[in-house]
Amino acid sequence: MDTQVAMFANTRRNLPARRRLPGQVVLVFQGGGALGSYQAGVYQALHEACIEPDWVIGTSIGVINGAIIAGNAPAERLACLRRFWHGVSCRGLSTLVGAYPGASEFWCKLAVLIEGVPSLFIPQPEACLNPHARLGSEAAAYYSTAPLRASLATLVDFDYLNDKNVRLTVGTVNVRTGNPRYFTNRDTPLAPEHILASAALPPAFPAVRIEGESYWDGGIHSNTPIEAVLDDRPRRDSVIFAAQLWPAEGPEPETIWQVISRQKDIQYASRVESQLARQRQLHRLRHVIRELARYIPESERDSPAVKELLQWGCVTTMHVIQLKAPRMSGDDHTSDIDFSAGRLQARWEAGYDATVRMIERAPWEEDLDPVEGIAVHEVAKA
């Protein structure tokens, strides 16, 4: 095995075989560029425990990881993820690191800014030299994502994806209306354009046209589209593994550099906590409606008006497993373009370790209050 690829192949624990999970298994993957190797580690731990997803939903790098998972048979998924992350590992100017030990992340970020990531994106000189050049909505960006299209062709079997073996949902934003739109292979065949659209974060990457409309990265609206899972119809019992790449909490900044970093964290953490609080309220109301049905006489329960009202109730349970990527030494607002191999490996291992601990704990086996519909679990700190 190639040395670089082997970096992402380490396993350290013998995990128990999959125990029956109470419902569909859902992966919710945020966008976050290089931070997304954490999600690959999450998947590796689940795969080794024989827990395969029924549904993957995400934005940006989360959708790229998700397409690789949903677009391959289980036996091929981990190998394809390793190939992808090996392919984006920093090269180019980073070869100068030998002369400057300890500066690998700096050189890697500089390489990404100047020459892009060969398997993801490359510079568009016209946009860089003249920001007022009329390039058209599908080219107005600093980088071209043509290399990503080529990578998807080798890493994702779109025929397999559209056979709906695993549901994939892609978060985008309509450029013209500003409204979010979720494309899913449950409702329509997905193509490379859908993945490219979800990864089209402006002004770095250009909009992608689908069905006559232009779309950008869904992370502009919601970088953690967990509400789309909890609002899905028909509702189903679910165990939701939400891999969060951006820290919602952090220290007060004291420098402009720290301010920029903190602002970016808050923006892309995407109000996960407030979304969950709202969803827990709604789910509790649905369960209350279901419980009230027991107190309505059977003769009245069958009337059309009562039946219609009772349809707002449900008995589904949702276990939300929050897997929060740790803040690493030196992290700042440029960490999402740090594709240095050491950083990618460290984030992969962090995702793997956090998920292993959660699998060993198996919180979805805990009983829920009959009025509560959603339980939120966080992994204990190591």
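A residue counts as buried when its relative accessible area is under 20%, as exposed when that figure is over 50%, and as partly exposed in between. Keep those cut-offs handy, and keep in mind that this is a predicted model.

## A buried salt bridge

Let's start with D338. Is D338 buried or exposed? Its relative accessibility is 3%, and the cut-off for buried is under 20%, so D338 counts as buried. D338 pairs up with R343 in a salt bridge, where the closest N and O atoms sit 3.8 Å apart. The arginine is tucked away as well: R343 has 12% relative accessibility, so it also falls on the buried side of the cut-off. Elsewhere, salt bridges with shared partners connect R167, R186, D187 and D232 into one network.

## Salt bridges across the chain

How many salt bridges turn up in a search of the whole structure? The search finds 18. One of them joins the side chains of R209 and E138, with 2.9 Å from N to O. This pair connects distant parts of the chain, 71 residues apart: R209 belongs to strand 7 (residues 208–210), while E138 is in the loop between helix 6 (125–129) and strand 4 (143–144). R209 is partly exposed at 37% relative accessible area, and E138 is partly exposed at 44%.

Another salt bridge brings together the side chains of R284 and E372, again at 2.9 Å from N to O. R284 sits in helix 12 (residues 272–292), and E372 is in the loop between helix 15 (341–361) and strand 11 (374–378), so this bridge ties together parts that are 88 residues apart in sequence. With a relative accessible area of 30%, R284 is partly exposed.

## The disulfide

A disulfide is a covalent bond between the sulfur atoms of two cysteines. This structure has one. Which cysteines form the disulfide? They are C90 and C108, and their sulfur atoms are 2.5 Å apart. The link between C90 and C108 is right-handed, with 125 degrees about the S-S bond. C90 is in the loop between helix 4 (74–88) and helix 5 (104–115), whereas C108 is in helix 5, so the bond ties together parts that are 18 residues apart in sequence.

Both partners are out of the way: C90 is buried, with a relative accessible area of 14%, and C108 is buried at 0%.

## Cysteines without a partner

C50 takes part in no disulfide, and the nearest cysteine sulfur, in C80, is 18 Å away. C50 is partly exposed, with 48% relative accessible area.

C128 counts as partly exposed, at 44% relative accessibility.

## T59 and its neighbours

T59 is found in the loop between strand 2 (55–58) and helix 3 (61–70). It is buried, at 1% relative accessibility. Leaving aside residues up to four places away in sequence, T59 touches F29, Q30, G31, G171, S198, D217, G218, G219, S222, N223 and P225.

Ten of its ten residues are buried, so helix 3 is largely enclosed by the rest of the structure. Among the buried ones are I61, G62, N65 and I69.

Those four residues in helix 3 also meet Q39, A40 and Y43 in helix 2. Helix 2 and helix 3 pack with their axes 9 Å apart, at an angle of about 30 degrees. That makes the two helices roughly parallel. The crossing of helix 2 and helix 3 is right-handed.

## Helix 2 and helix 4

Helix 2 (residues 37–48) packs against helix 4 too, with 11 Å between the axes and an angle of about 155 degrees. Are helix 2 and helix 4 roughly parallel or antiparallel? An angle over 145 degrees counts as roughly antiparallel, so helix 2 and helix 4 are roughly antiparallel. Their crossing is left-handed. Helix 2 brings S37, A40, Y43, Q44 and H47 to this contact, and helix 4 brings P74, R77, L78, L81, R82 and W85.

Definitions and conventions:
Residues are numbered from 1 along each chain as its sequence is written. This is a predicted model: local features need pLDDT of at least 70, side-chain atom pairs count only at pLDDT 80 or more; totals for chains, interfaces and linings use all residues. Side-chain values use heavy atoms; hydrogens and water are left out. A disulfide is a pair of cysteine sulfur atoms within 2.5 Å. Buried means under 20% relative accessible area, exposed over 50%, partly exposed in between (1.4 Å probe, protein chains only). A salt bridge is a side-chain nitrogen of Lys or Arg within 4 Å of a carboxyl oxygen of Asp or Glu. Contact means heavy atoms within 4.5 Å. Axes are lines fitted to C-alpha atoms, for helices over the stretch in contact, and angles run from 0 to 180 degrees between N-to-C directions. Angles under 35 degrees count as roughly parallel, over 145 as roughly antiparallel, 65 to 115 as roughly perpendicular and the rest as oblique. A crossing is left-handed if the near helix is turned anticlockwise from the far one by less than a right angle, and right-handed if clockwise.
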